[in-house]
Amino acid sequence: MHRFANPARFQRLSAAILPWTAGATVILLIVGLYISLIGSPRDYQQGDTVRIMYIHVPAAWMSLFVYVNMAIAAACGLVWKHPLADLFAKAAAPVGAGFTLICLVTGSLWGAPMWGTWWVWDARLTSVLILFFLYLGYMALVNAFDDPQRGTRAGNVLLLVGIVNVPIIKFSVDWWNTLHQPASVIRMGGPTIDGSMLVPLLVMALGFTAYFITVVLLRLRAEIVQRKIQTMRLTEAQG
Amino acid sequence: MTEFFAMGGYAAYVWSSYALAALVMVGLLAATLKALRSAETTLKALEGSRPPRRRRARNGAAASPAAEVGEG
């Protein structure tokens, strides 16, 4: 892994990968949108509102996936002092926050017609809201220090502490009584959801993942350039 | 076609979900690209102004380093 952690090598590598991930994002999302909106049946109970699921569930998966990735990067950043690991967490945070926001709002838009309420303070919804605040808190913390290294270190600690929230979100539907339905895809004994709905779900999830990789690579490139500018200004200021 | 847009009476909920997701994702991508472009432009400008600066620093030992900072 250390070979890829060199920023100059990363810039070359990411330039080679980016066209592929960008292309995959476009194709997967176009196909995903088509089968989500047109190519899949409406639910016999929920009617067309089931189509909200193809946005809501992949966004929820991504909100956790991105967070776990950031926490792993935070651990690497703290232990091995990897500049790229710190930058990854910083670059991924707004994307993770965006997915969490999409998850929360689409959940609300789905809950309003199906549950009869926009919001309830139950375990699943509250723990996801906490995840959203963890993202926002991390972004605020990283930018709160004059010294960027102190900022990322404080942010990394927050990410590692906040990881306890991840299993709480995942198992909240099993541990507590909640209005939210239990898992129907990632569960012991295989998915209980019908294939005609599982396929659009998975295609959208892959599309979101490709989107995440593309945007994070772009953001990492920007962060590396930004660091370079900082060092150049610093060496100039020191004469 | 109208049936498609009506979404079985749930048009407001379904379409606002998809619109929000599109808005967040496209907005984030646009902001990212904008930040990347501006950072690259700044870097290029800095690198472009660097070589003459170095030469000047080598030749004119009398020039105070503090005077150069302000130009950046």
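Between chain B and chain A, four residue pairs are in polar contact, both residues of each pair being at pLDDT 80 or more. A polar contact is a pair of N or O atoms within 3.5 Å; within protein, one must be able to donate a hydrogen and the other to accept it, and residues adjacent in sequence count only if both atoms are side-chain atoms. Zero salt bridges are found across this interface, a salt bridge being a side-chain nitrogen of Lys or Arg within 4 Å of a carboxyl oxygen of Asp or Glu. The model is predicted: local features need pLDDT of at least 70, side-chain atom pairs count only at pLDDT 80 or more, and totals for chains, interfaces and linings use all residues. Side-chain values rest on heavy atoms, with hydrogens and water left out, residues are numbered from 1 along each chain as its sequence is written, and chains are lettered from A in the order in which they are written.

The interface involves 31 residues of chain B in contact (heavy atoms within 4.5 Å) with 43 residues of chain A. The two chains bury about 3200 Å² between them, 77% of it on carbon and sulfur atoms; buried area is the accessible area (1.4 Å probe) that two parts lose on being put together, summed over both. On the chain B side, the most area is lost to chain A by B:Tyr13, B:Tyr18 and B:Met25, which together account for 21% of what that side buries.

The secondary structure of chain B consists of four helices and zero strands, where helices (H or I, at least four residues) and strands (E, at least two) are DSSP runs, numbered from the N terminus. Helices H1 (2-6), H2 (11-48), H3 (50-59) and H4 (65-69) of chain B each supply at least two residues of the side that touches chain A. The largest share of that side, 22 residues, comes from H2(B). By residue class, the side of chain B that touches chain A holds 21 nonpolar, five polar and five charged residues.

Residues 12-33 of chain B carry the annotation "transmembrane region" in an unreviewed UniProt entry. Over residues 12-33, chain B is 100% helix and 0% strand, with the end C-alpha atoms 31 Å apart. Of the 72 residues in chain B, 22% are buried, that is, under 20% relative accessible area (1.4 Å probe, protein chains only).

In chain A, A:Leu84 lies in helix H3 (residues 83-114). A:Leu84 counts as buried because its relative accessibility is 10%. A:Leu84 and A:Ala112 are 28 residues apart in sequence, and their C-alpha atoms are 42 Å apart in space.

Technical notes: Nonpolar A, V, L, I, M, F, W, Y, C, P; charged D, E, K, R; others polar. UniProt positions renumbered as here; feature names shortened; annotations may be inferred. Buried < 20%, exposed > 50% of the residue type's maximum accessible area, 1.4 Å probe, protein only.
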